[in-house]
Amino acid sequence: MNAPEQPMRNLQSAAGQSLVHESAAAQVAGEARYIDDLPMLQGTLHAAPVCSPMAHGRLLDIDARQALAMSGVKGILSATDIPGDPILAAFAHDEPILAIDTVHHVGQVVALVVAEDMTTARQAAAAVTLTITPLPAVLNVREAHEKASYVLPPVTVNRGNAESALARAPRRLSGGFEVGGQEHFYLEGQIAYAIPQEQSQWLIHSSTQHPGEVQHWVAHALGVANHAVRVECRRMGGGFGGKETQGGHLAVWAALAARKFGAPVKLRLDRDDDFMITGKRHPFTYDYEVGFDDSGRLCGLSVDMLVNCGFSADLSGPVADRAVFHVDNAYYLEDVSIRSYRCKTNVQSQTAFRGFGGPQGMIIIERIMGDIARELSLDPLTVRQRNLYELDTRNVTHYQMQVEDNILAPMLERLATDSSYLARQERIARWNRLNPVLKRGMALTPVKFGISFTATLFNQAGALVHVYTDGSVQVNHGGTEMGQGLNTKVAQIVADELGVPFGRVVSTASDTSKVPNASATAASSGTDLNGRAAQFAARNVRDNLAAFVAGLDGCGAGAVRFEGGQVITPVSTRQFEDVVGQAYANRIQLWSDGFYRTPKIHYDKVTLTGRPFYYFAYGAACTEVIIDTLTGESRVLRVDILHDVGNSINPALDIGQIEGGFIQGMGWLTTEELVWAGTDARNPGHLLTHAPSTYKIPATGDLPAVLNVALWPEANREDNVHGSKAVGEPPFMLAISVYEALRDAVAQAGGSPEKMNAPATAEEVLRCMT
Amino acid sequence: MGRLNMIAAYAMPGIWRYADIMTKPQRPATDESLTFIQKGRAVTLNNVPPHRTLLQVLREDLEQTAVKEGCAEGDCGACTVVVSDLDPKGRIRHRAINSCISLAHAVSGKAVWTASDIGSTSTEADGLHPAQQSLVDCHGSQCGFCTPGFVMSLYGIFRNQAPGEKVSREQAQVALSGNLCRCTGYRPILEAAGQMGDLPVPPSITTREEATEAALRATAKTAPSSSRYSRPETLLALLQERSAHPEAQIVAGTTDVGLWITKQHRRFDRILDVTGAAELRAIETYPHHLAIGAGVTLSEAFAALGEERPDLQVFFQRFAGLPVRNAGTLAGNVANGSPIGDSMPLLIALRSSLVLMRWDARRKLIAHRELAIEDFYTGYRQNVLAPDEIVAWIKVPRPAGDPSGTSIRAYKVSKRFDDDISAVCLAVAISVTDGLVSAASIGAGGVAATPVRARETERALVGKPWTEDTVELAVSALREEFKPISDMRASAGYRQLVLGNLLTRFWLEAQPTTTQATVFRLEDITRLLGEVNP
């Protein structure tokens with residue numbers, strides 16, 4: 001099942017092969033090192049956070065006497081110990097490194113205790129007493145909206161005239177619902193290890209998707225120039241967006257402690273602290289009104305999105321923007337009005353998470369499609385198909401970008417056939433007539449996801465390719481490895497560019513002293529950007545070697561081929577390493593940089609119009625579920641996925657992203673419920689689900705009994721590395737089919753699917769049945 | 001001596017060492033030394049406090065970073081290791097357990113396996129174990145942080161399978177129920193489980209496994225040497241130790257006490273481990289009941305109970321994850337008395353009883369008393385145990401003793417199917433004679449401060465005709481009988497509603513008219529596969 005087929009391509013090329021992850025063997029043998037596994041330098045100290053127990057309040061006193069009296073405790077660090085700016089160098093400049101005079105959420109870090117070992121540090125941190133006088137806390141996003149409590153100003157996007165379109169629409173539906181947040185639950189918790197170097201320089205081992213930003217934040221907090229800080233990350237034990245900005249906090253804290261105590265400092269968050277301190281996926285609340293005709297075609301849509309951003313902006317602006325960009329998902333919205341409110345509440349500052357607002361944008365239109373179909377007694381797939389973007393007309397998004405690479409209609413048609421959609425609909429109806437307790441449902445939903453950072457400036461990347469005199473190759477790029485296989489794909493690309501076997505190429509740790517100013521490995525763009533940059537770097541080296549060999553053989557450089565570890569001209573065949581050796585002796589440069597910036601993209605940040613995306617990645621999923629109408633429990637029975645990765649550079653890795661993304665999305669919409677104590681509770685604003693004992697990500701038993709994945713057989717129509725498409729985030733949103741299938745099951749069981757919020761826990765499903 | 005001095009002592013080179021225990025038994029150098037077997041050889045550490053976890057010893061003292069900490073509460077499985085030891089009959093057993101919440105001294109005299117003990121990428125080594133190679137071949141690792149834990153759970157199945165025997169997907173799902181992966185979505189990992197049986201075990205690993213078994217047999221006679229961590233080998237010694245040290249923290253699998261240490265930073269001056277007493281490691285079979293000793297793991301107890309009552313097997317598999325079932329004991333679950341401890345509602349419905357024992361120093365004999373399990377609890381995590389008493393045996397009636405016409409079902413409702421704690425748990429045993437309910441015992445969890453017996457509901461049933469009307473009244477009685485709370489797992493209203501619905505399900509399942517086409521439980525969905533994959 002889903003074993004990647006070997007593609008029918010040049011067997012000598014590495015790209016297109018299902019090569020195993022470059023670290024797989026080391027990982028299974030427990031040899032792959034994560035930051036906590038690095039041998040510690042002598043004298044290393046350990047830090048532990050002191051967190052606010054209150055959602056909002058005036059911080060009056062930090063009493064550390066008891067902690068400081070404990071054996072092995074070195075001291076405490078608070079905002080007054082920060083030599084640079086006490087505010088993080090984040091985009092909005094609104095987040096204190098350590099609480100200054102006010103605490104803004106339960107879990108906000110107020111101080112750090114530093115001790116000789118981690119357990120002592122944590123024990124001592126628990127012994128610190130904070131005096132805080134309570135201030136009114138805003139925990140509800142509707143309350144924040146009423147009070148106009150925002151981290152960033154609201155944004156409105158209009159196309160056509162939604163109001164008049166709604167007024168003249170033959171039919172209308174309106175409603176509101178909520179979609180919960182999501183904890184990343186990277187298996188490796190947040191960690192940083194800061195090591196003082198000579199001459200006020202710093203080495204930071206950081207588990208981060210964005211070493212360049214960590215470098216900038218640390219330098220800013222320490223009050224030194226960026227060049228004094230080097231950040232390294234070999235790999236993360238999972239990121240998912242949770243280590244885009246959030247890893248930076250830890251790095252800054254560890255660096256400040258290392259500076260104050262003049263020693264290397266490691267800071268690894270306990271899992272509960274990780275939950276309590278760091279940001280998560282943004283919960284969204286929606287109010288909408290939609291107009292449509294008797295065929296189910298949309299005519300007019302008005303949406304209010306209340307984005308629960310937590311106490312600071314972090315990445316909430318671009319997350320909320322991407323939600324706005326994805327309200328259309330696969331459908332043409334002629335007259336539409338979207339208002340996006342970036343609400344400020346007294347909880348963790350929500351952050352990037354796979355999809356980056358895209359899932360929260362798409363789910364509303366998919367919900368509307370399902371509701372329209374039920375209202376008209378039509379098949380939901382039919383309604384979806386009638387609203388798809390078309391090829392020549394009805395092909396411009398609500399943000400004025402023409403959809404040029406649309407494959408939606410044939411994709412849905414093929415998946416409907418492959419999944420036996422219609423035949424199974426009948427079987428399901430029959431089952432539901434016979435079975436009083438367990439009811440089945442099904443949904444087929446598409447995904448169209450825009451690829452590029454919406455902040456155009458981030459769409460650039462650099463890489464270095466080094467060829468050593470023995471013909472071995474090292475590649476370094478600005479991206480980071482978090483399990484997705486970026487280093488494997490980049491090494492495949494470089495191997496092909498130099499015509500050497502894959503095994504000759506090694507990818508090395510991300511390092512700000514190698515490729516500077518690199519963008520976050522985010523927005524699914526890792527391979528598109530860094531793969532291309534590495535390809536260009538390798539091409540430069542190859543061009544140098546080609547020119548050299550052309551001189552030797554008296555041919556044109558264009559006639560020199562690099563294949564199978566050999567360099568071939570019309571008159572000779574040489575081993576790659578021999579050419580390298582000779583080139584070195586002739587003082588030819590054997591290493592190079594490469595730089596890439598994505599073409600064609602631009603957009604207006606105020607009106608949110610333009611071409612924010614280089615291309616779209618497409619996919620579709622057909623999901624069948626079963627619900628238990630006595631308890632609300634559910635299971636996913638079968639999933640068929642057809643997904644577009646262009647020409648796959650590594651089918652196994654791409655299928656890994658598709659399946660992993662789907663299951664993670666399924667978790668978001670089913671079992672992963674974040675529960676914060678309400679205002680009437682003993683501890684308002686306290687995140688009650690702060691460990692895997694209470695926060696339930698999918699486990700092995702949740703894998704659907706049948707999971708079929710197929711790749712769409714077509715190259716990227718835009719010029720992208722090897723004709724591939726980005727794959728990190730888009731499959732996550734295929735899981736919206738789970739939610740829609742659950743709502744279908746509820747409807748078939750006589751319940752009220754329009755009531756359903758996400759996640760559709762057992763309790764939520766049962767609520768829709770009563 | 002302060003704790004930090006101890007830490008410093010661990011860090012001193014040469015303090016721990018490998019020794020060949022087969023030829024040269026080592027005398028412990030200090031009162032708190034610990035010896036266990038790794039790669040077939042003995043490892044000895046000194047100055048190991050009783051509350052130090054196995055994970056800490058492996059990662060911090062021995063710098064074996066193949067073992068990862070993901071949650072420090074036994075829920076994610078990144079820290080999974082396999083522990084091999086000998087049962088009282090001298091048979092070797094291999095158990096995947098969570099090292100993060102296991103105490104280091106608990107493995108004293110046993111063998112510990114981590115991912116780096118069973119394979120290596122180094123050029124001198126002769127490769128990876130099938131549990132590892134199959135994961136590589138199936139693309140079963142992405143970020144790799146959970147991977148060594150999955151490897152060890154797979155290794156656990158591998159060692160417990162007959163050679164060449166295929167691991168089914170169902171077996172793999174049970175064996176991997178305590179391992180979380182956030183990257184892959186599990187499909188490639190389950191495939192790896194199915195494929196590993198086809199791969200050869202490198203000879204050096206087999207040699208290591210044989211040396212381990214030999215070392216275990218040589219070590220078996222050596223008792224743990226720490227005076228602050230005691231694991232007596234007989235029931236008598238255990239009870240005398242308890243009598244002498246009523247302040248000692250009793251532990252078995254530390255699947256709960258381990259969290260007091262990792263999460264609440266609690267420290268214990270003295271720990272008494274009940275799992276060494278040979279008598280209590282047995283399941284004794286009597287004509288009308290099984291007697292399950294306090295040292296019997298949940299896995300072992302559930303295997304015995306499930307064999308007698310196959311309908312309950314799925315319920316047992318949903319108790320936590322496998323590493324927790326492999327370490328925790330049934331008696332520990334009972335004695336700990338969590339209001340949602342999932343075994344108790346069933347034990348109540350089965351009318352189980354507890355045998356409490358203590359050493360009577362005056363009369364110089366073991367005194368005991370027996371009581372119904374529901375009478376054991378007096379309040380939230382409070383019970384009737386005297387300071388010198390332990391829960392020694394759990395007596396569970398066997399099906400042979402059930403009155404004729406008895407149906408027994410157990411239902412668990414949780415957010416996630418596997419490895420989760422119940423929002424609501426209900427176990428029902430009802431006997432029907434000549435159309436009348438002749439007996440009923442109903443246990444419930446998650447609805448009160450302790451596991452409870454639903455006596456009001458039982459009264460609404462017993463002596464009444466076994467009809468829909470009676471059940472409806474009983475459902476109302478059940479919803480009235482308890483006042484559950486709202487928490488992060490479920491609201492009070494949901495708990496109350498579902499509690500009644502589960503009794504309705506019992507009624508539906510008991511109907512003889514039920515056709516083959518009708519399915520009432522999600523657990524039975526394997527019957528649906530032909531439906532969804534035509």
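Q: Which side chain meets R297(A) in a salt bridge?
A: Let's start with a pair in this predicted model. R297(A) sits in the loop between strand 13 (284-292) and strand 14 (298-308) of chain A. Its nitrogen comes to 3.2 Å from an oxygen of the partner, and that partner is E390(A).

Q: How many residues apart in sequence are the parts that R297(A) and E390(A) tie together?
A: E390(A) lies in the loop between helix 11 (380-387) and helix 12 (408-418) of chain A. With R297(A) in the loop between strands 13 and 14, the pair ties together parts whose separation in sequence is 93 residues.

Q: Is D272(A) buried or exposed?
A: D272(A) pairs with K263(B) in a salt bridge of 2.5 Å, N to O. This pair crosses between chains, and D272(A) is in helix 8 (residues 271-277) of chain A. Buried means under 20% relative accessible area. D272(A) has 13%, so it counts as buried.

Q: What is the relative accessible area of K600(A)?
A: K600(A) and E718(A) form a salt bridge at 2.7 Å, N to O, linking parts of chain A that are 118 residues apart. E718(A) is buried, at 12%. K600(A), by contrast, is partly exposed, and its value is 47%.

Q: Why does chain B count as compact as a globular protein of its length?
A: Chain B holds 18 helices and 20 strands. For its 534 residues the globule rule gives 24 Å, and the chain is close to that, so it is as compact as a globular protein of that length, with a radius of gyration of 24 Å.

How values were computed
Residues numbered from 1 in each chain as written. Chains lettered and ligands numbered in written order. Predicted model: local features only at pLDDT ≥ 70, side-chain atom pairs only at ≥ 80, totals over all residues. Heavy atoms only, no water. Helix = DSSP H or I, 4+ residues; strand = E, 2+ residues; numbered from the N terminus. Rg over C-alpha atoms; globule rule 2.2 N^0.38 Å. Salt bridge = Lys/Arg side-chain N within 4 Å of Asp/Glu carboxyl O. Buried < 20%, exposed > 50% of the residue type's maximum accessible area, 1.4 Å probe, protein only.
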